[in-house]
Amino acid sequence: MGGSHRTGPRRRGPRGSSPHPSGERVLVLPGEEIPSQGLKPGPGTYRVGGRVYASVLGLLSARPPFVQVIPLSGRYIPKPNDVVIGTVTDVQGTFWLLDIGAPRWAPLHMTGTPWKVDVGETEQYLRVGESVVVRVENLDPTGRIGVTMLGEGLGKLEGGSIVHVSPARVPRVVGRGGSMIQTITRQTGAQVAVGQNGRVWVNGDPEAIHRVREALRMISEDGQRSGLTERVESYLRSTASSDEAGEDHPPAGESAHRDAPEGSFASSPPPDDRDDSDEPRTDENN
Amino acid sequence: MGSVGAKDVPVLLSPEGIRIDGRRVNELRPIKITAGALKHADGSAFVQWGLNKVMAAVYGPREVHPRHLQQNTKAVIQCKYNMAAFSVDERKRPGLDRRSQEISKVVAEAFESVVFAEEFPRTSIDVYIEVLQANAGTRCAGLVAASVALADAGIPMADLLPAVAVGKAGGAIIVDLNKEEDNFGEADLPMALVPQSGRLVLLQMEGHMTREELATALDLGVQGCRGIYEIMQQALRDRYSVAPVPEVTA
């Protein structure tokens, strides 16, 4: 297999560096021994005797003083301050249960919303099947996930549809500095919101939604190291209908609903463990 | 001619040591594993192993159903092994039977000893094994498929779990019994190995063997498992080596 070598300077990103001398990203599997080189076993690893092994399928990464494995698959594992998109699965008297793609459902308490909800009136605000943008507030050791809808850019999503991508691919969907998501919104005119949990909300005319879906599929299936944004852009250009061909879309402006206003997710602080991705964001006006 | 009974038993081992399907005693059937065969499961694998065809799907960790099975300190591992009605010559009556319940139980217990379930308290990891075509050794094929599916689902665990049946047929200790050897042979001994530690996490036996034969069989089984382990690893590498590499340069 032709080794793909990085072309640009390595960013000392928070993910740390590959411990492999070639700089190649090393795929490891559960049970595989990891050269720990004096580093402590971090996430995705375990130690038996003096040896360190991978516990999940993923990419090997050194982040002194730890060696860790970044998972390439699996459910969304919540982290505080992640902005995520959830779908209501159950309505109780004082809270809703949201499916955010995590191991457990996340309760959204009525006090965590901008609405003045009376006890027992929760269903008048959110029903089963509706979707919201929320922020992960706290996690406890038993796996309970507390979320809030209070904050800039958080709220109920009206209309549109939700596309799932792997949480491991979210950094690529967003792109460096939001470049990918900007390309998609500019080329399609759709409104797009990406949650750290891999749920992507898309709104616009059916044609635009379809093209965004296809673009997301391309990103999900792409295995190459670079040039993805260009390839997605050329795909979107090639599928643009004639009256809009070659022309960038005007901002999705006033017709857009304002529940998830522009730059909505940008208020969340940069997640500390993501690659080069920016925080999720909506990009209506590019 | 007609000595009743004897005519029905095929010759399982030739004088030259060749088995009924042409294999030698320590030879596995051809195995092909496809990781990530299903779209909607969190992890999946399809295993073709000789004439066996087995699909495994893993969901979770996710909310536990039914609720009362939930455990406060770790994930529960629920396994369902099922044989399709069309998986064998005579139509198999669909649904749960004692055999499938037993296999579901021993497979779930095998995974309990390698999966790091404490990382996901109050959740369930659901493993589904569907046998589409059966030709002996389906619990091992199912376990192998489920193990690859668990890795594909990103579930943390000590190791993959290769499994194989060893046994005795035609007087010889053999690995990876096929249907004839299973039906007409003298003993069947399915086992699952944790390669990292060398521990066995599944070991059952049917039939008769001497102590010495058992020791030989276990050695042969461990060897077989190591071979299967490599195929499992390769299946996962094939799926992920081209896939997700986070973009570092814009």
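Strand 4 (residues 45–48) of chain A pairs with strand 5 of chain A in the antiparallel sense, over 4 bridges. The model is a predicted one. Within this pair, A:Val48 has A:Arg51 of strand 5 of chain A as its bridge partner. The two strands form a hairpin with 2 residues between them, and A:Gly49 in the turn has a positive phi of about 60°. Strand 5 (residues 51–54) of chain A is also joined to strand 2 (residues 33–34) of chain A, by 2 bridges and in antiparallel fashion.

## Confidence in chain A

Chain A has a mean pLDDT of 81, with 74% of its residues at 70 or more. Among the elements of chain A, the highest mean pLDDT, 98, belongs to strand 8 (residues 83–91), and the lowest, 87, to helix 4 (residues 228–238). Residues 1–16 of chain A have pLDDT below 50, and this stretch has 21 contacts in the model beyond near neighbours in sequence. Over residues 250–286 of chain A the pLDDT also stays under 50, and the model has 99 contacts there beyond four places in sequence. Where pLDDT is low, the predicted coordinates should not be read in detail.

## A loop residue in chain A

A:Leu150 sits in the loop between strand 12 (145–148) and strand 13 (155–157) of chain A. Apart from neighbours within four places in sequence, A:Leu150 is in contact with A:Gly112 and A:Pro114. A:Ile70 is 80 residues away from A:Leu150 in sequence, and the C-alpha to C-alpha separation of the two is 31 Å.

## The sheet of chain B

Chain B has an open sheet of 5 strands in the order 1-2-3-5-4, with mixed pairing. Strand 1 (31–35) and strand 4 (76–83) of chain B are at the edges and have a single partner strand each, so one side of each has no neighbour in the sheet. From one strand to the next, the twist averages 15°.

| Residue | Bridge partner | Strand of the partner |
|---|---|---|
| B:Phe46 | B:Met55 | strand 3 of chain B |
| B:Tyr59 | B:Asp126 | strand 5 of chain B |
| B:Glu63 | B:Thr123 | strand 5 of chain B |

Strand 3 (residues 52–63) of chain B pairs with strand 5 (residues 123–133) of chain B over 9 bridges, in the antiparallel sense. Strand 2 of chain B is likewise antiparallel to strand 3 of chain B, and 7 bridges link this pair. Their hairpin leaves 2 residues between the strands, and B:Gly50 takes a positive phi near 60°. Strand 3 of chain B is largely enclosed by the rest of the structure, because 10 of its 12 residues are buried.

## Helices on the sheet

Helix 1 (residues 98–112) of chain B packs on the sheet and touches strand 4 and strand 5 of chain B, its direction making about 145° with that of strand 4 of chain B. Helix 2 of chain B lies across strand 1, strand 2 (43–49), strand 3, strand 4 and strand 5 of chain B, and runs at about 40° to strand 3 of chain B.

Helix 2 of chain B also meets helix 4 (residues 211–240) of chain B, their axes coming within 10 Å and crossing at roughly 35°. The crossing of helix 2 and helix 4 of chain B is right-handed. From helix 2 of chain B, the residues involved are B:Val144, B:Ser147, B:Val148, B:Ala151 and B:Asp152, and they meet B:Ile228, B:Met232, B:Ala235 and B:Leu236 of helix 4 of chain B.

## Nonpolar cores

Which residues have the most contacts inside the largest nonpolar core? In this core of 93 residues, they are B:Ala56, B:Val58, B:Ile129, B:Ala145 and B:Val148. Helix 2 (residues 138–152) of chain B gives the most to the core, with 10 residues. Another core, of 44 residues, lies apart from it and includes A:Ile85, A:Leu126, A:Met180 and A:Ile181.

Beyond neighbours within four places in sequence, the contacts of B:Ile129 include B:Val54, B:Ala56, B:Cys79, B:Tyr81, B:Val107, B:Gly142, B:Ala145 and B:Ala146.

How values were computed. Residues numbered from 1 in each chain as written. Chains lettered and ligands numbered in written order. Predicted model: local features only at pLDDT ≥ 70, side-chain atom pairs only at ≥ 80, totals over all residues. Contact = placed C-beta atoms within 7 Å. pLDDT = per-residue confidence, 0-100. Pairing = 2+ DSSP bridges. Core = buried A, V, L, I, M, F, W, Y, C linked by C-beta atoms within 7 Å. Buried ≥ 20, exposed ≤ 12 C-beta atoms within 10 Å, placed from the backbone. Axes fitted to C-alpha atoms, helices over the stretch in contact; angles between N-to-C directions. Left-handed = near helix turned anticlockwise from the far one by under 90°.
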